[in-house]
Amino acid sequence: MKNFVRALRFAFPYRARIIVSVICAVLAALFWSLNFTAIYPTMKIVGSGKNLQELIDDSIADVQKRSDEVRAGLEDKLKEQKRLLTEPPDADRFNQERHIARDIAVAESKLKSAAHEDARYRHAKRYIDAYLPTDRFRTIAFLVGLVVIGMALKGIFEFFQETLVGSVVNLSLFGLRNMCFRKVVHLDVSHFNEQGTHEMMSRFTNDIEMLGNGQKMLFGKMIAEPLRALGCVVFACFISWQLTFMFLVLVPVALVILTRVGRMMKRATRRMLERMSLIYKILQESFTGIRVVKAFTREAGERARFRRATREYYTKAMWVVKLDAIAGPIIEVLGIAAVAGALLAGAYLVINKKTHFLGIQMAYYPLEAESLLQLYALLAAISDPVRKLSSFLTKVQSGAAAADRIFNLIDRDPKVQSQPQGPRLNRHAETIEFKNVCFSYDPGHPILNGIDLRVRFGETIALVGKNGSGKSTLMNLLPRFYDPDHGSITVDGIDIRMANLRTLRQQVGVVTQDTILFDDTIARNISYGHPHATAEEIESAARQAFAHDFIAKLPNGYETRVGEAGSKLSGGQKQRLTLARAILRNPSILILDEFTSQSDAESEAIVHKFLREFMRQRTTFVITHRLNTLEIADRIVVLDAGRIVAVGTHADLLDHCNVYQRLHEAHFQRRVA
Ligand SMILES: Nc1ncnc2c1ncn2[C@@H]1O[C@H](COP(=O)(O)OP(=O)(O)OP(=O)(O)O)[C@@H](O)[C@H]1O
Ligand SMILES: [Mg+2]
């Protein structure tokens, strides 16, 4: 529940709307419960054969008669009291005196209430005489007309209440979604690896939707429905508060049941949401991997996997549905049982013309049949809001389960701290130094071990080594996608963990091993890291990456959309766009991970020619399996199983380094073959 309440903070700025919606709810409830008060006069007019004016006169006479009787009785009692004073003061006399005193008190309270009633009737009479017709049918028509107008007013207020609540909820979700996104994009890369993007996506969509439903219930129903019930209770109390209270014993029982159901609901919803994120995962995997699915004719397999996940979701969703559905009827049966109890007691009073039921005083005067009918209608009307309230509680619990999942995401802290106060890194750093760097993705499985490397500004370092030797991992540490477990990386003597992260990343240009493009135009993909670049700058970067020629041949040139993840381009074309993107960013440290792995020999040679010029004023790390890329390197670093085994020029390494010799031989043999 804590997180559900936290989510409500996002609705706080719109509190004025909530207040107005509450006022609308109060008015709607008032008009709704007022309608039931038309039952009594209508029944009375139809049943008694008299018009309202005569009826009110009768009522006044009735009250008069009753209070006359009481007054006569009271006078007798007072006389009796006086007479007792003359008797000897023994126990018998005191006893009688006590009885009489009590009777007098009762009679006085009856007189008082009769006086109130009389005043009420006279007040009503003034209006009835002034405004209501004397014809019975026209009076009923008038009353029915009032009911219709009342309902229309109720409808208007309800409309405003619901739209206000809807706007508050959607605005608060808008805020929450954006805040959540802000948090998530600042999370570390490792969070995305562990959790999976599907999990995050489902929290942004499905979970937030679920939370919104809970909030809608809270703002819309939690105030409006109890108000409607309250309105009926108040009017029922006017008829007989004792009978109404008999009915209200249901409230604590219902609360106990609802809390239990609510707890189960929360658990069931959590499970349901987990299944939904599984569905997201399957969708994401099979859609992005659709070519593999088709090539390996795994459509049936994927279909089965999806069916399994959706079936599981169905089972979990049905639990939620059942819990939601069970709460209403239980509460309704309880409510009707309580109404029946109150009705039975009332019927007993009406039939036997009594004021006491099971020795408890229920009313001062025997109830009229019409009053009982109206009481019954009012109490039965309460069961509707109460039933809705039960579904409200289950929905809020579902929202609470969703809120827990959302805030679990929001509450994560990035391990890589951005150090906004830290020293800013200079452009054109003189040195980059790796000192005894150790790193592991999972504790206990070291990937990098004691890496020591010192790089001067302007150098081009090539990293070579077998697959999985840790080349990409090492380069991931430089822009701080991850931080090393031990050791440090310093730029001009400043540990990059202490430096301002933004200034560090602004200097690092990366071409990652997997080419990543956004579904946008080529121009905007190239200018991704430099959104204000001019068309000339973009074109010049594209020329340096040897991408201009193929872009110019596309139907829309730089305005061609590349499709999802660049699906409309070839592998080599995509790579050259990512290179152009890194070049345009004009970084002082450039990391190129397998940047020509998909280029043909000619393109590769041209790219190398362009790059030589570009790399002169910056520090470059090139990861490569192609030994002809090494021609652009000043020094070559050979990595093996997470360790640096040798550093040197091509000739040095051929002389001294076994690993390098083997790599070279394999490469050479392949070319000959
Ligand atoms: N996100 C990750 N979580 C856990 N382990 C990882 C992760 N990424 C890589 N690894 C592991 O780290 C090791 C080094 O991976 P890395 O990507 O650095 O290799 P590489 O030298 O770049 O290989 P390649 O030449 O194939 O690109 C591998 O054994 C890999 O299994
Ligand atoms: Mg790699």
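# Contacts, helix packing and a magnesium site

Q: Which residues does Thr490 touch in this predicted model, not counting residues up to four places away in sequence?
A: Thr490 is placed in strand β6, which covers residues 486-491. Leaving aside residues up to four places away in sequence, the residues that Thr490 touches are Thr431, Ile432, Glu433, Lys435 and Asp495.

Q: Is Thr490 buried or exposed?
A: The cut-off for a buried residue is under 20% relative accessible area. Thr490 has a relative accessible area of 6%, and is therefore classed as buried.

Q: Which residues does Arg454 touch, not counting residues up to four places away in sequence?
A: Arg454 belongs to strand β4, residues 446-456. Its relative accessibility is 48%, so Arg454 counts as partly exposed. With residues up to four places away in sequence not counted, the residues in contact with Arg454 are Thr431, Ile432, Glu433, Glu459 and Arg635.

Q: How many Å apart in space are Arg454 and Thr431, C-alpha to C-alpha?
A: Thr431 is among the residues touched by Arg454, and it is also among those touched by Thr490. Arg454 and Thr431 are separated by 23 residues in sequence, and their C-alpha to C-alpha distance is 7.0 Å.

Q: Which protein atoms are the donors of the magnesium ion (ligand 2)?
A: The protein donors lie 1.9 to 2.2 Å from the magnesium ion. One is in helix α13 (residues 471-477) and the other in the loop between β8 (508-511) and α15 (522-526), so the pair ties together parts that are 41 residues apart in sequence. These donors are Ser472 (OG) and Gln513 (OE1).

Q: What is the relative accessible area of Gln513?
A: Ser472 has 24% relative accessibility and counts as partly exposed. Gln513 is also assigned to the partly exposed class. The relative accessible area of Gln513 is 41%.

Q: How many nonpolar residues are in the contact of α11 with α12?
A: The residues of α11 that meet α12 include Leu323, Ile331, Val339, Leu343 and Val350. On the α12 side, the contact includes Leu372, Tyr376, Leu379 and Val386. The contact of α11 with α12 has 5 polar and 4 charged residues, and its nonpolar residues number 14.

Q: How do α9 and α12 lie relative to each other?
A: Helix α9 (residues 250-288) packs with α12 at an angle of about 45 degrees, and their axes are 8 Å apart. The crossing of these two helices is right-handed. The relation of α9 to α12 is therefore oblique.

Q: How many charged residues does the contact of α9 with α12 have?
A: The contributors from α9 include Lys266, Arg270 and Glu274, while those from α12 include Asp404 and Arg405. Beside 8 nonpolar and 7 polar residues, the number of charged residues in the contact of α9 with α12 is 5.

Q: What is the handedness of the crossing of α8 and α9?
A: The axes of helix α8 (residues 197-248) and α9 come within 11 Å and cross at roughly 165 degrees. The two helices are therefore roughly antiparallel to each other. The crossing of α8 and α9 is right-handed.

Q: Which residues does His548 touch, not counting residues up to four places away in sequence?
A: His548 is placed in helix α17 (residues 548-553). It is buried, with a relative accessible area of 13%. Residues up to four places away in sequence being left out, His548 touches Glu539, Ala542, Arg543 and Tyr558.

Q: What is the phi of Asp492?
A: Most residues other than glycine have a negative phi. Asp492, in the loop between β6 and β7 (494-495), has a positive value. The phi of Asp492 is near 50 degrees.

Q: Where is Ala565 placed?
A: Ala565 is not a glycine, yet it has a positive phi of about 55 degrees. At 45% relative accessibility, Ala565 counts as partly exposed. Its place is in the loop between α17 and α18 (571-584).

How values were computed: Residues numbered from 1 in each chain as written. Chains lettered and ligands numbered in written order. Predicted model: local features only at pLDDT ≥ 70, side-chain atom pairs only at ≥ 80, totals over all residues. Heavy atoms only, no water. Contact = heavy atoms within 4.5 Å. Helix = DSSP H or I, 4+ residues; strand = E, 2+ residues; numbered from the N terminus. Nonpolar A, V, L, I, M, F, W, Y, C, P; charged D, E, K, R; others polar. Donors = N, O, S within 2.8 Å, 3.2 Å for Na, K, Ca; no water. Buried < 20%, exposed > 50% of the residue type's maximum accessible area, 1.4 Å probe, protein only. Axes fitted to C-alpha atoms, helices over the stretch in contact; angles between N-to-C directions. Parallel < 35°, antiparallel > 145°, perpendicular 65-115°, else oblique. Left-handed = near helix turned anticlockwise from the far one by under 90°.
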